[in-house]
Amino acid sequence: YTGVARVEGILGGNGSTPGSGFGDDGSLVLTADFSNNLVDAVISGLDAASIGFSTVRINDLAISTGANATFESTGSSTFTFEGGAGPALGAIQTESASGAFFGGDPGGPVEAGGAFAVVGTNGNTIYGIFAADERQ
């Protein structure tokens with residue numbers, strides 16, 4: 001699946017004082033391995049000079065084995081930021097991602113979309129949304 005993504009960040013702030021923000025648009029490649037019930041998402045083409053990284057890689061999201069066409073992060077999922085100095089998160093404190101497949105034909109779903117969030121030990125947050133169509 002290929003598509004687009006938006007990545008945002010909130011730096012600083014403490015609930016009563018707003019932090020500063022940044023954002024950039026990127027390209028998405030989402031790979032679904034239906035035989036192993038896993039999804040990988042790679043968001044690339046981000047401006048490392050302004051946001052600190054050029055790629056977000058989310059691996060091993062688990063596809064629901066029930067009637068729902070969904071996927072989500074588990075304890076074995078990994079989130080990495082590549083290119084540039086990296087995000088100003090400190091260490092990663094929490095990370096989550098979820099999404100769903102939409103539409104369908106005899107060959108499988110034709111679209112996918114989702115969201116992710118990563119919170120650092122310093123309170124800074126990186127989050128994003130993504131949507132993709134089946135590769136032809």
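Author: Strand β3 (residues 38-44) and strand β4 (residues 55-63) pair in the antiparallel sense over five bridges. Strands here are DSSP runs of E with at least two residues, helices are runs of H or I with at least four residues, and both are numbered from the N terminus. Two strands count as paired if DSSP finds at least two bridges between them. Within this pairing, Val42 stands opposite Arg57 in β4.

This is a predicted model, in which local features need pLDDT of at least 70 and side-chain atom pairs count only at pLDDT 80 or more, while totals for chains, interfaces and linings use all residues. Residues are numbered from 1 along each chain as its sequence is written, and side-chain values use heavy atoms, with hydrogens and water left out.

β4 also pairs with strand β6 (residues 78-82), in the antiparallel sense and over five bridges. There, Thr55 has Glu82 in β6 as its bridge partner. A further antiparallel pairing, of two bridges, joins β4 to strand β5 (residues 70-72). In that pairing Ala62 stands opposite Glu72 in β5.

For the setting of these strands, the protein has one helix and nine strands, in the sequence order β-β-β-α-β-β-β-β-β-β. Its radius of gyration is 15 Å, close to the 14 Å that the globule rule gives for 136 residues, so the protein is as compact as a globular protein of that length. The radius is taken over C-alpha atoms, and the rule is 2.2 Å times the number of residues to the power 0.38. The C-alpha trace spans about 50 × 25 × 25 Å along its principal axes. Of the 136 residues, 34% count as buried, where buried means under 20% relative accessible area, exposed over 50%, and partly exposed in between (1.4 Å probe, protein chains only).

Next, the aromatic side chains. The whole structure contains five aromatic pairs. Rings of Phe, Tyr and Trp (its six-membered ring) pair if their centres lie within 6.5 Å; planes under 30 degrees apart count as stacked, over 60 as edge-to-face and the rest as tilted. One of the pairs is Phe53 with Phe81, edge-to-face, at 4.9 Å centre to centre and 65° between the planes. This pair links distant parts of the chain, with Phe53 in the loop between α1 (48-51) and β4 and Phe81 in strand β6, 28 residues apart. Phe53 counts as buried because its relative accessibility is 0%, and Phe81 counts as buried at 18%.

Phe71 and Phe101 form another pair, this one tilted, at 5.2 Å centre to centre and 55° between the planes. Here too distant parts of the chain are linked: Phe71 belongs to strand β5 and Phe101 to strand β7 (residues 92-102), 30 residues apart. Phe71 is buried at 2% relative accessible area, as is Phe101 at 7%. Together with Tyr1 and Phe34, these two form one aromatic cluster.

Tyr1 itself is found in the segment before β1 (2-11) and is buried, at 9% relative accessibility. Its side chain reaches the backbone oxygen of Pro109 at 2.9 Å. Such a polar contact is a pair of N or O atoms within 3.5 Å; within protein, one must be able to donate a hydrogen and the other to accept it, and residues adjacent in sequence count only if both atoms are side-chain atoms. Tyr1 and Ala32 are 31 residues apart in sequence, and their C-alpha atoms are 8.0 Å apart in space.

Ala97 lies in strand β7 and is buried, with a relative accessible area of 6%. Not counting residues up to four places away in sequence, Ala97 touches Ile58, Leu61, Phe71, Glu72, Ser73, Phe79, Ala115 and Phe116, a contact being heavy atoms within 4.5 Å.

Ser77, in the loop between β5 and β6, is buried as well, with a relative accessible area of 5%. A polar atom of the Ser77 side chain lies 2.8 Å from the backbone oxygen of Asp60, and one lies 2.9 Å from the backbone nitrogen of Thr74. With residues up to four places away in sequence left out, Ser77 touches Asn59, Asp60, Leu61, Glu72 and Glu95.
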